[in-house]
Amino acid sequence: MTTTNINTNSFWNFFQKLFLGSKQLQIVALVLFTTLFIACNKQPNTTLASIKTPTGWGYTISHNDKIIIKQSIIPVIDKNVSFRSEKDALKVGQLVIEKLNNNLSPTITKNDLNLLSIQL
């Protein structure tokens, strides 16, 4: 009869000695895990701002201080007119940000404008 000695604790013992035995390795591991935690939890810096146009209002959406969308007219409608109020422009801009955050197309539809009660 042959017996096989399998040492299941050798892997665990190795890591215990590696990380619990040396203060320098503990510090390196702490820095590594902290860096990974911060990198994984970094929130995108997206901002919405209103802009005044010659005929009304529009909005800009910036990501990390770079403008990615500048909308100076009401999208979808046949006329090239700006939003009548700053509040309307910001409501549409906020909807675009929500769509981007949900990995949807930032396209605005006429139904979106109606649901937001945008004055046309």
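Here are a few exercises on this predicted model, each with a worked solution.

Before you start: residues are numbered from 1 along each chain as its sequence is written. In this predicted model, local features need pLDDT of at least 70, side-chain atom pairs count only at pLDDT 80 or more, and totals for chains, interfaces and linings use all residues, while side-chain values use heavy atoms, leaving out hydrogens and water.

**Exercise 1. Work out how many helices and strands the protein chain has, and in what pattern they follow.**

Step 1: Start with the count, which gives four helices and three strands. Helices (H or I, at least four residues) and strands (E, at least two) are DSSP runs, numbered from the N terminus.

Step 2: Now read along the sequence, and you get α-α-β-β-β-α-α.

Step 3: For burial, 23% of the 120 residues are buried. Buried means under 20% relative accessible area, exposed over 50%, and partly exposed in between (1.4 Å probe, protein chains only).

**Exercise 2. Describe how strands E1 and E2 pair.**

Step 1: Find E1 at residues 46–53 and E2 at residues 56–63. They pair in the antiparallel sense over eight bridges; to pair, two strands need at least two bridges found between them by DSSP.

Step 2: Pick out Ser 50, which stands opposite Tyr 59 in E2. Tyr 59 also has contacts (heavy atoms within 4.5 Å) with residues including Leu 48, Ile 69, Phe 83, Val 92 and Val 96.

**Exercise 3. Find the span of helix H3, and say what covers its buried residues.**

Step 1: H3 has 16 residues and reaches 22 Å from first C-alpha to last, close to the 22 Å expected at 1.5 Å a residue. That expected span is 1.5 Å times one less than the number of residues.

Step 2: List some buried residues of H3, among them Ala 89, Gly 93, Leu 95 and Ile 97. Their cover includes E1, E2, strand E3 (66–71) and H4.

Step 3: Carry on past the helix to Asn 103, whose phi is positive, near 55°.

**Exercise 4. Locate the two salt bridges and say where their partners sit.**

Step 1: Recall the rule: side chains of opposite charge can pair when their charged atoms come close. Here a salt bridge is a side-chain nitrogen of Lys or Arg within 4 Å of a carboxyl oxygen of Asp or Glu.

Step 2: Take Asp 88 and Lys 91, with the closest N and O atoms 3.7 Å apart. Both lie in H3 (residues 86–101), three residues apart, about one turn of the helix. Asp 88 is buried at 5% relative accessible area, whereas Lys 91 is partly exposed at 27%.

Step 3: Turn to Asp 112 and Lys 99, whose side chains meet at 2.8 Å, N to O. This pair links distant parts of the chain, with Asp 112 in helix H4 (residues 110–115) and Lys 99 in H3, 13 residues apart. Both of these residues are buried.

How values were computed
Lists of a residue's contacts leave out its neighbours within four places in sequence.
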